[in-house]
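Here is a short report for a reader meeting this structure for the first time. Keep the sequence and the 3D view at hand while reading.

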Amino acid sequence: MNLSDEQVLAMAPDESSRKSGKDLANPAKWVSKGVSDIALWGECQGSGSKPYQTQIDTGNMAFKCSCPSRKFPCKHGLGLLLLYSRQRASFPEATPPSWVSEWLAKRAEKDEKKNTPATATEKQPDTSAQAKRQQARMQKVSDGAAELLRWIKDLVRNGIMDMPEKDPAFFENMIRRMVDAQAPGLAAMMRELADISYFHDGWQSVFITQLTRIYLVIQGYQHLSDLPPALQQDIRTLAGFSTSQEELKEQNGITDTWQVLGKQTTEEDRLVVERYWLYGINTKRPALILQFYVRGQSTIANTLTPGNAINAELVFYPSAAPLRALIKQQVTVPANHTFNGYAGWQEVVTAQTAINEVLPLYNDQVYTIADLTPVWHADQWWLQDSRQQLMAMKKTFQHTWKLLALSGGTPLHMAVTGKETQYEPIGVWHEQEYKIL
Amino acid sequence: MEHWHQLINTALLGTAKKPVDSTGMNGPLQQAAHTILAGADTDKEDKFLQLAAVLYNYRLSGTQPVTANVAPMKVCPPETKPYCKPAAIRVLQQVLETESIQLLQLWLEYCAKANVLLPPAQLPVMLDKGWRNKSLRALIAATGGQRAEWLGHFNPDWNFSRVADTIEDRWQNGATAQRFEALKELRATDPVMARTWLEQSWPKESATVKTELLSVLEQPAHPADIPWLESLLTEKSKQVKETATRILKKLPGSSLHEKYWQIVAGAIQLDEYGQVTVALPEITDDSIFQSGIEKLSNDKSITDETHILYQLISFVHPARWEEHFNRNTERVIALFQLQESLKPFIPALVLAIAWFEDKARAVSFMEHSETFYIDIIPLLPPEQQQQFSEKFFDEHPDSIIQYACNNQEEWSLPLCTRIFKYAATQPYTYNQQFMNNHIRQIPVAIAATLDDITPVEAYHTGYWNNIKVHLGRLLQAKSQIQSL
């Protein structure tokens, strides 16, 4: 395990954990510590009389700590890992103490159980009741979608000129209605509509684009049976129907060495969404792992480390253009710095057109592209490919200077996320190494 | 995009006022629009939304990269020096977390001494630090390499780092901080040449740069600079004039110094009976007051004449008294101590010794004085500085700490212990920021005894403990820098 400070800190659930983790990367804080082939552990003196026992399964990058924090990983886990990345020599190699080995054994047992097929004696669900519930929900969503369509048409009829002056309740009422109609996906799309910055030039185009997307989902939902089966799944997901993770895990997945290209975190009403962008080295396909948790109540079992790689079996959610996946099994492996990717923007837009052909509502994608150079042109930063073609860098991108410093005016292979004409680099291949930005 | 703009216009007004149409569309798009617009069983809003959906997907499917004539970007030249090792970068991360500029300075000094460069990924953070802290600029320029200079072309705030190896190169082509350091370096070995360089470049410099570079001539002030410095008193910039005046005040032989001395010598006379009389004649020369001497006393118990004389004595070289009274140093000091009329001016004499950095007289003065004068301490030999600091610590803790902080040398362990024992009683003054600002002077060895230092007041314990934890991190990082 060879992690940089940035990689460790990228695992932090929030800024305060990051800061506290840094404070705890101090040998004076740790009463004992040790490392073995599969684990890292330490006892951290907190405010109580007994030190907290912090342990990390380095094979699967899982954390456990006896502290009462509900954050994941907690500051002790981050501090211990940070300390290890900085002062490896200060960790004596040892056999894990009983509190570590017991936890590791339990984890192994759990994994084994997970892989054992369910026995026939388990209670079978009542399929007819399930179908009834499903039917009722479909009807509710359909009613909600019809109401939303009426609302949209009213808007279109009266014009959107006065949108910036609208009271927040104008959107809130409809968002609540969509939640009541059990269509959380549509509610989320409406939330995006409400959150548009109406004080920036060009809000009108952003507004109509989002309104059109909502309209497409409504139309898709109302004509669901006419659509290809894979697209039906996408529309259901966009409307807010969830896919059973248990059922997904029963399917065969795709096993590969997946590079963890980057992580993007967003937060809405204390709900934190972590997007991990992966790329399969052999399958040459991207994947998106989503993790959700309420701030301060994280219960995530595994943490992916941006810049690292995992050997994993990924099951993709059903979609016309599968991207989102869940990890069925994973083992952390040494970072793999192989680059596979598109030669330039023309290939990227061709790939996008192919996605759009089957999924007209696709979201941000991840692309690995060779030889991109950040250039300043027409008062903004662009990414120029080897054929001198340009795509704009998102204005919200925060690491322009770091990207520029790494580039020095020379092209770099890059991992970018985005769609259409706006992209954001998340990592670069610099001196034969993949570096997160 | 014309068709999309048309659609937005319709959306702004509303389909009730402006029904959607196919303006700006052609080819298959126009065909699709006609089909939608001809629909008999759809209303105007449906038509708008359907057309919007078509245009949206047309846009998504047909996205093209921009082809533009972008002026080729200047590629950064390759570096000639190696980058610092990964272990040093790990230490740098810890240093940055402490937010101590002094610690960062120590780390950069290590890099500069080892002749290694900052890796590119660290440059934006470091250049930003340099932008906010002038004291780091020369060191960042020395360790930033070609890449830092290259980045400076894109961000004017960072334009303080140029690659220059020789002292002359740094003076000719460096940014202000680099030129300042180059001039300072030369001044230490060849003061006259340093002034000549500055004289030559003088007409090309801005007032701010002139002020900054001129201050180099203060350390040490050199008599050969007097004619040129006096010619600067006619400069337009107030700051330049003030700096030149300050340096001239440090130079016996300058017109200003001689004017001061003439007044002082006229005012203080030793008569044939060994008695000193003090009587300030009327000062008609306004340039005396224009040079910064205050006319009025702030203290009721001190007359305006005494106040003026006090200021003048503090700017007159102490050696002048020996000629004036025809006595050696010890006897001059004795005269000041014994004569009632001179006693009020003893602190002014101390200030003069400190102003002219007169080390020999500083030692003599301390040998013959019962009173402690903090201003003289830095002029004493190191062992005496230590001895006096410890001897007078309990009487003047804050002054001794202030002096110790101004001194760049690392504190001895006993002095540091005393400082911290005192700091523990005043944790709001000697806080984390204080530790950040003086970590250079704090010896790493103090870490072992930090737990023995506790505040007197119980309510200070929590605050002091936080300072101690922070100090622990600073000392750990400092120790790691030293072991690189």
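## The contact between chains A and B

This is a predicted model. Chain A gives 45 residues to the contact, and chain B gives 43. On the side of chain A that touches chain B, the elements that give two or more residues are α5 (127–158), α8 (203–222), α11 (345–358), β10 (365–377), β12 (389–393) and α12 (400–407) of chain A. The largest share comes from α8(A), with seven residues. By type, this side of chain A holds 18 nonpolar, 19 polar and eight charged residues.

Strands also pair across the two chains. β12(A) runs antiparallel to strand β1 of chain B, residues 66–67, and two bridges join them. Gln389(A) stands opposite Thr67(B) in this pairing. Strands of a sheet pair through backbone hydrogen bonds, either parallel or antiparallel.

How do α8(A) and helix α1 of chain B lie relative to each other? Helix α1 of chain B spans residues 2–13. The angle between α8(A) and α1(B) is about 90°, and their axes are 10 Å apart. Angles of 65 to 115 degrees count as roughly perpendicular. The two helices, α8(A) and α1(B), are therefore roughly perpendicular to each other.

From α8(A), the contact is made by Gln204(A), Ser205(A) and Ile208(A). From α1(B), it is made by Leu7(B), Ile8(B), Ala11(B) and Leu12(B). Five of the residues in this contact are nonpolar, two are polar and none is charged. An α-helix has 3.6 residues a turn, so residues three or four places apart point the same way.

## An open sheet in chain A

Four strands of chain A form an open sheet in the order β1-β2-β3-β4, with antiparallel pairing. Its edge strands are β1 (30–35) and β4 (62–65) of chain A, each pairing on one side only. From one strand to the next, the twist averages 10°.

Strand β3 of chain A covers residues 52–57. Four bridges join β3(A) to β4(A). In one of these pairings, Asp57(A) has Ala62(A) of β4(A) as its bridge partner. Helix α3 of chain A, residues 75–86, packs on the sheet. It touches β1, β2 (39–44), β3 and β4 of chain A. The direction of α3(A) makes about 65° with that of β3(A).

## A barrel in chain A

Chain A also has a barrel. Five strands close into it in the order β5-β6-β7-β9-β8, with mixed pairing. Here the twist averages 45° from one strand to the next.

Strand β7 (residues 286–294) and strand β9 (residues 324–333) of chain A pair in the parallel sense over two bridges. Leu288(A) has Arg324(A) in β9(A) as its bridge partner.

## Two buried places in chain B

Is Trp107(B) buried or exposed? Trp107(B) lies in helix α5 of chain B, residues 101–114. A residue is buried if 20 or more other C-beta atoms lie within 10 Å of its own. Trp107(B) has 27 such neighbours inside 10 Å, so it counts as buried. Leaving out residues up to four places away in sequence, Trp107(B) touches Val91(B), Leu92(B), Val95(B) and Ile481(B).

Helix α23 of chain B covers residues 413–423. Its buried residues are Leu415(B), Arg418(B), Ile419(B), Phe420(B) and Ala423(B). The cover over the buried residues of α23(B) includes α21 (382–391) and α22 (397–406) of chain B.

Definitions and conventions: Residues numbered from 1 in each chain as written. Chains lettered and ligands numbered in written order. Predicted model: local features only at pLDDT ≥ 70, side-chain atom pairs only at ≥ 80, totals over all residues. Contact = placed C-beta atoms within 7 Å. Nonpolar A, V, L, I, M, F, W, Y, C, P; charged D, E, K, R; others polar. Pairing = 2+ DSSP bridges. Axes fitted to C-alpha atoms, helices over the stretch in contact; angles between N-to-C directions. Buried ≥ 20, exposed ≤ 12 C-beta atoms within 10 Å, placed from the backbone. Parallel < 35°, antiparallel > 145°, perpendicular 65-115°, else oblique.
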